[in-house]
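Open the model in a viewer and keep the selection panel at hand.

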Amino acid sequence: MNGHTNTNGTHLPSTQKAAQFDPKTKSVQINNVPIPSIKPHEILVKVHAASLCHSDLMLFEPNEQGLTLGEDGPFTMGHEACGTVVSTGSEVKGFKPGEKIGWLPIVDCCFDCEECGIHNLYCERGTSKVQGMTVDGYFQQYCAIAWRNAVHIPDDMDLDCCAPLFCAGCTAFNAVTDTIFELKGEPSTTWIAVIGCGGLGTASSSIVEAIHTNEPSSGHLGIQYLKAYGYKIVGVDLNPQALKEAVNSGADHVFNPKTDTDYITQIRSITGKGCHAAINFTNSVQAYASTPDLLRMNGVLMVTGIPQKPLQFQAMDLSMTRFRLRGSNNGTTPRLEKCIEFSHKHGIKPHVTQFSLEEFPKMVELMEKGTQTGRLGVLFK
Ligand SMILES: [Zn+2]
Ligand SMILES: [Zn+2]
């Protein structure tokens, strides 16, 4: 018999196409793979859309952060997607077939320890894996996810462009809310700089720099979230396209350090004594090194983008609180719920260019070139 009937009586094909990464050849392949069967704690999802994240490109490069990538042979890429519930395992609570959901990608963690309460990559069990980085991810029509990672998507949200909310979006939302938590003034008179506004390869068009950026295209979402909260925003980026996107997303002023060589003086004069906070979405050590100059006394530097090399700051500046350092991450399911609720209420929309699954290798090429802005995604039909 072809295919199988799942617990909810839906008939599914037995195989599907998947965009996979082969760790041996470090290349992308479109392979035929089985439709996964689910464990008691899992949901089988029909993926509606999946998008490519900059951290996916880490797979193709020397890996200085020491991540375990692909344990045994080719695995399906993708850690940012949305879709509908097909069937649920016996332990799943609160999700029914047909519901629209999105989810986070860390699996094989406990979800309940102190570490999981901050980020489940660091679960005390030490067994955490990342779907799309170590085990099968979402560039395939059907995937199995841990129910504790899932959140509902309101019915009137458009699934076509929701996928980036589940990595780029929640990263930006958490960076914004963690920054706001540190600030006291009225949003309408509080300045926040966004470093890395949304183009690919914000710091450089070179792949070497672009690939290790955590979420440069989180920048355009970060600006949308800050705008929704009513803050004054300065966007900084080396890519003119990204600056255009920053203005479209709501930035009050934008600067390109390449052409606006006195941008630091200009920003300090527009904002009075400098920005109250700066959120850095870039992968660039140089971009981080110049960020404190944009801040006023006791300003907050939010570390979001991840350069390969260590960051350096003067201990005196931190000790005397000339500025403060904070970090933020893509978070936990309760925080993801807040992000989706807020995005729904304020009409936050990721900017995605859609492709078919067969075009996946071309998407990777485009991302490596770094000429696109926004997200590149697969829309399953
Ligand atoms: Zn990501
Ligand atoms: Zn845990």
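The tour starts with the overall picture.

This is a predicted model, in which local features need pLDDT of at least 70 and side-chain atom pairs count only at pLDDT 80 or more, while totals for chains, interfaces and linings use all residues. Residues are numbered from 1 along each chain as its sequence is written, chains are lettered from A and ligands numbered from 1 in the order in which they are written, and side-chain values use heavy atoms, with hydrogens and water left out.

**Whole protein.** Colour by secondary structure: there are nine helices and 20 strands (DSSP runs numbered from the N terminus, H or I of at least four residues for helices, E of at least two for strands). Of the 381 residues, 56% are buried (under 20% relative accessible area; exposed is over 50% and partly exposed in between, with a 1.4 Å probe and protein chains only). Among contacts (heavy atoms within 4.5 Å) with a separation of 6 or more, 71% join residues 24 or more positions apart.

**Aromatic cluster.** Select Phe173, Tyr225, Tyr229 and Phe342, which form one aromatic cluster. Rings of Phe, Tyr and Trp (its six-membered ring) pair if their centres lie within 6.5 Å; planes under 30 degrees apart count as stacked, over 60 as edge-to-face and the rest as tilted. The count by this rule is nine aromatic pairs. Start with Phe173 and Phe342: their ring centres are 5.4 Å apart and their planes at 45°, so this pair is tilted. Phe173 belongs to helix α1 (residues 168–181) and Phe342 to helix α8 (residues 333–345), 169 residues apart. Both of these phenylalanines are buried.

Tyr229 lies in helix α3 (residues 218–229), so its pairing with Phe342 in helix α8 ties together parts 113 residues apart in sequence. Which relative accessibility does Phe342 have? The value is 11%, so Phe342 counts as buried, whereas Tyr229, at 29%, counts as partly exposed.

**Charge over a ring.** Select Trp147 and Arg148. The charged end of Arg148 sits over the Trp147 ring, 5.9 Å from its centre (the rule asks for NZ of Lys or CZ of Arg within 6 Å of the ring centre and within 35 degrees of the ring normal).
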